[in-house]
Amino acid sequence: EQLMQDLFGLFKQNVPNAKLRESVGEALGATLYTYCRMGHWDDQLVKDIQKALVDKMAACDSDPAPGECVAMLVRALRNGGLPETIPVLLGLAETSKDGGVSEAAIKALSRMGDDNLRRDEVRSAMKRIFHQRARGFDSAVRSRALDIILNTGVSEDEVRDILRETADPWNTEYDLYVQAVLYNLMDQDEGIKEKMTKILKE
């Protein structure tokens, strides 16, 4: 606990060096992860650190590199692995105009455990991102979202929708990548193999 308090004290200071700031933030998140799993989920210190990490994102607007500033804090949240931060991470994944932030947010979500990733709001957001229902996303972001969809109990209809997405003539290289992911999964997952086999016969 003392180490975490010391790191938190450093984090709250305006450390001028960006690399040092990131190191402190990620170390704080990693220490928080271990501390919580020792049974301290409800400690006030945990709540204070979580709030500080989220609140500090607002100050990133005045940073010379605002996207990297937010991504750094998201990486700290990823190391913390706190399910309470899922709504914040989902919001960043879907609405950030910086692809690096969106990708970092989805990577952070991946640390939250299978039960949390299966939550309707998480899977729905990942499908909106992969299928680009609200706006476009770069391929790295879509691929992260696809990984979560496929690894959290993908349904037959979802597999069918993913295959339909690969029929887009404007993004052939990425479409081939998605098809390769699905075919590779057929060799590893009997459930996906059955779904794919049925769909491909239609």
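The questions and answers below concern a predicted model of a protein chain.

Me: How many helices and how many strands does the protein chain have?
Reply: Read along the sequence, the pattern is α-α-α-α-α-α-α-α-α-α-α-α. The count for the protein chain is 12 helices and zero strands.

Me: What box do the C-alpha atoms of the protein chain fill, taken along the principal axes?
Reply: The protein chain has 202 residues, of which 44% are buried. Along the principal axes, its C-alpha atoms fill a box of roughly 60 × 40 × 25 Å.

Me: Among contacts between residues at least 6 apart in sequence, what percentage join residues at least 24 apart?
Reply: A contact here requires heavy atoms within 4.5 Å. Of the contacts in the protein chain between residues at least 6 apart in sequence, the part that joins residues at least 24 apart is 62%.

Me: What part of the accessible surface belongs to carbon and sulfur atoms?
Reply: The accessible surface of the protein chain comes to about 10,700 Å². The part that belongs to carbon and sulfur atoms is 50%.

Me: How far apart are the centres of the positive and negative side chains?
Reply: The protein chain carries 27 positive and 34 negative side chains. The centres of these two sets lie apart by 1 Å.

Me: Which residue has its charged end over the ring of Phe-8?
Reply: A charge counts as sitting over a ring if it is within 6 Å of the ring centre and within 35 degrees of the ring normal. At Phe-8, the charged end in question is 4.5 Å from the ring centre, and it belongs to Lys-12.

Me: At what distance from the ring centre does Arg-111 lie over the face of Tyr-33?
Reply: The cut-off for a charge over a ring is 6 Å from the ring centre. Arg-111 lies over the face of Tyr-33, and its distance from the ring centre is 4.1 Å.

Me: How far apart in space are Lys-193 and Ser-139?
Reply: In sequence, Lys-193 and Ser-139 are 54 residues apart. In space, C-alpha to C-alpha, the separation is 24 Å.

Terms used. Residues numbered from 1 in each chain as written. Predicted model: local features only at pLDDT ≥ 70, side-chain atom pairs only at ≥ 80, totals over all residues. Heavy atoms only, no water. Helix = DSSP H or I, 4+ residues; strand = E, 2+ residues; numbered from the N terminus. Buried < 20%, exposed > 50% of the residue type's maximum accessible area, 1.4 Å probe, protein only. Areas by Shrake-Rupley, 256 points an atom, 1.4 Å probe, with all protein chains shown as cover. Lys, Arg positive; Asp, Glu negative; His and termini not counted. Charge placed at Lys NZ, Arg CZ, Asp CG, Glu CD.
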